[in-house]
Amino acid sequence: MTRSVYVTGIDRGDGRQVVELGVMELLTRHVDRVGVFRPLVHDGPDRLFELLRARYRLSQPAETVFGLGYEEAARLQAEQGTDELVSQLVERFHRVARDHEYVLVLGSDYAATSLPAELNLNARLANEFGAAVLPVVGGQGQEAESVRSEARNAYQAYHSLGCDVVALIVNRVAPAQHPVVAGQLSAHLPVPCYALPEDGALSAPTIGQIVHALGAEVLLGDDSGLARDARDFVFGGAMLPTFLKALTPGCLVVTPGDRADLVIGSLAAHSAGAPSIAGVLLTLDERPGPDIMALANRLAPGTPVISVSGGSFPTAAELFAVEGKLNAAAPRKAETALGLFERHVDTAELTNRISVARSGRVTPMMFEHELIERSRAGRRRVVLPEGNEERVLRAADVLLRRDVCDLTLLGEEAAVRKRAADLAIDLDGAQIIDPQVSPLRERFAELYGKLRAHKGVTYELAYDVVADMSYFGTLMVQEGLADGMVSGAVHSTAATIRPAFEIIKTKPGAQIVSSVFFMCLADRVLVYGDCAVNPDPDAEQLADIAIQSAATAAQFGVEPRIAMLSYSTGTSGSGADVDKVRKATELVRDRRPDLLVEGPIQYDAAVDAAVAKTKLPESEVAGRATVLVFPDLNTGNNTYKAVQRSANAVAVGPVLQGLRKPVNDLSRGALVQDIVNTVAITAIQAQGAAPGGSPAADA
């Protein structure tokens, strides 16, 4: 039977979209096919559904998501009664439920509707759907006692109407009141209660949203600039020296268009990072001349300059009425919302309360969610040497907003912060270190000089070497100042892993450093090794790769069943290449008799049960392999790329294995999500290592 959860409220203004997004995140961690149903809908596009569809790659047709429009529902209720209205909505709900394992129901929003007893209607629908109920209460502007009363009333209202209330969430609590509210809620109600504090970043509109709301014209700026949050409004009228003192980080400067001095002055301040502004809004339909606009564009490329026809006073009134909204065009707000939800809600408890059973299939999205969740659960620090690279900064933005791990970025601090400001990225919470001027440089030079003295490395040479970002980051990991390192977005693989070979070295029992890719197919996750490091491993090395890959698979929740791949299955072929794989298989069995391993075996026999039944019917691995070990780099690298492109698989990696402490290399074509996943993997690898670099059991 399809299960469902009904997220609802008691009044408007509760910011419920944060909770709806958070619950969707929980569901997609465990369930392959999640449906969305909104019984009552306003005219026009549904911003939240568009966000959910884009973020979670929903294939559900939009026409099945919505029940009835509010006007149609009110007319139906008035003419034929509530029973008929409910009957039609129940029928539409079951159309969605038939095609999905779990359904997220988005309750009515109490905004400009003509439906009587709206709360009662939500309660009845939840009961008819057989859905668990998760009420959300708005706490904005209220004292702790008032919030507690509202929460108690909300629980009683839905409980008295027969609803299965599984938990309750109070949202938008004043930060000063949050500790008191959070501490009192659960003590006064029989279900878990969670409190989410107000976050200004969620209510701050983006420049793009302001453009839409005010009908402004964009004179300068790119998509990245339009995605910036306007965290404050500063109205220009004073002389430039006084005006500059009034600028605040993330502010939108509002000034008459004939004040070219304020336009250039604020953009120059942004360029210098003192402070970084969100953009400039020109009023009165006045615009600086082309020379001034050209200078503005050179001073702060990408920073929005927009124009409206109204004066400052009416523009101010309109601006203060614009509120930030979660939608597909503001993905960074979604990351902020999820970070807020996951910090203040016991997600494991809530998952259990809404009875989410894990699917037998493991989808790419479920695997990625699991990485984030596990990384957050055992917090570690990861150093990113490429602190000026745009993709790395955007990944850092996601990681910080989601509270995944602690981060250190390497680079000249002013340059890193300036680059981040240009991209509208807030690096609060990240550590920034410049290897050139860091006090650690001398300490690292002494250490590296001792480690490489046998190669003739002097202190003076070491002092130069350790200023290199990759060497500095690796030494941070070696010295316990970071738990792992991720690099390679702009540096070569050699530049990333050579320092690790020299400084961190292989862990006990590992002959070589190798790599795996996690290949996330539509219904399962396979582990491919080695597709990135060792060109032509011999039998001993191939056995080592297999054992390492099995350990990595187990660490990330993939039960290891090893297939030693070849162009021959069983005893059907011969030759040096097949003999190498056969010998490697025997070595794995000798060294690790606890592991399930088969080889030599062809790829189809390894993963296809029908082929396996014909070729190796008695094998415990054939047809069910999860760890596929390729005989050489040429075969492995080509195969993973072929599967990635042809089967639309998500390839996560390469993940290095065999080092004492985790260092991972990125593809130079890595996307932002690839970097996020690799950082999460690195943090999880660090969780599996005991202090001092010794590997934990089976890590």
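Colleague: Which residues have the most contacts inside the largest nonpolar core?

Modeller: In soluble globular proteins, nonpolar side chains tend to be buried together. A nonpolar core is a set of buried Ala, Val, Leu, Ile, Met, Phe, Trp, Tyr and Cys residues joined through side-chain atoms within 4.5 Å, where buried means under 20% relative accessible area with a 1.4 Å probe, protein chains only. Here the largest one has 62 residues, and those with the most contacts inside it are Leu407, Leu427, Phe518, Ile562, Met564 and Val679. Helix α25 (residues 539-555) gives the most to this core, with eight residues; helices are DSSP runs of H or I, at least four residues, and strands are runs of E, at least two, numbered from the N terminus. A second, separate core of 45 residues includes Val90 and Tyr155.

This is a predicted model: local features need pLDDT of at least 70, side-chain atom pairs count only at pLDDT 80 or more, and totals for chains, interfaces and linings use all residues. Residues are numbered from 1 along each chain as its sequence is written, and side-chain values use heavy atoms, with hydrogens and water left out.

Colleague: Is Arg561 buried or exposed?

Modeller: Arg561 counts as buried, because its relative accessibility is 11%. Arg561 lies in strand β19 (residues 561-565). Contact means heavy atoms within 4.5 Å; leaving out residues up to four places away in sequence, Arg561 touches several residues, including Glu620, Arg624 and Val627.

Colleague: At what angle do helix α10 and helix α15 pack?

Modeller: Two packed helices are described by the angle between their axes and the distance between the axes. Helix α10 (residues 207-214) and helix α15 (residues 312-321) pack at about 120°, with axes 10 Å apart.

Methods:
Buried < 20%, exposed > 50% of the residue type's maximum accessible area, 1.4 Å probe, protein only. Axes fitted to C-alpha atoms, helices over the stretch in contact; angles between N-to-C directions.
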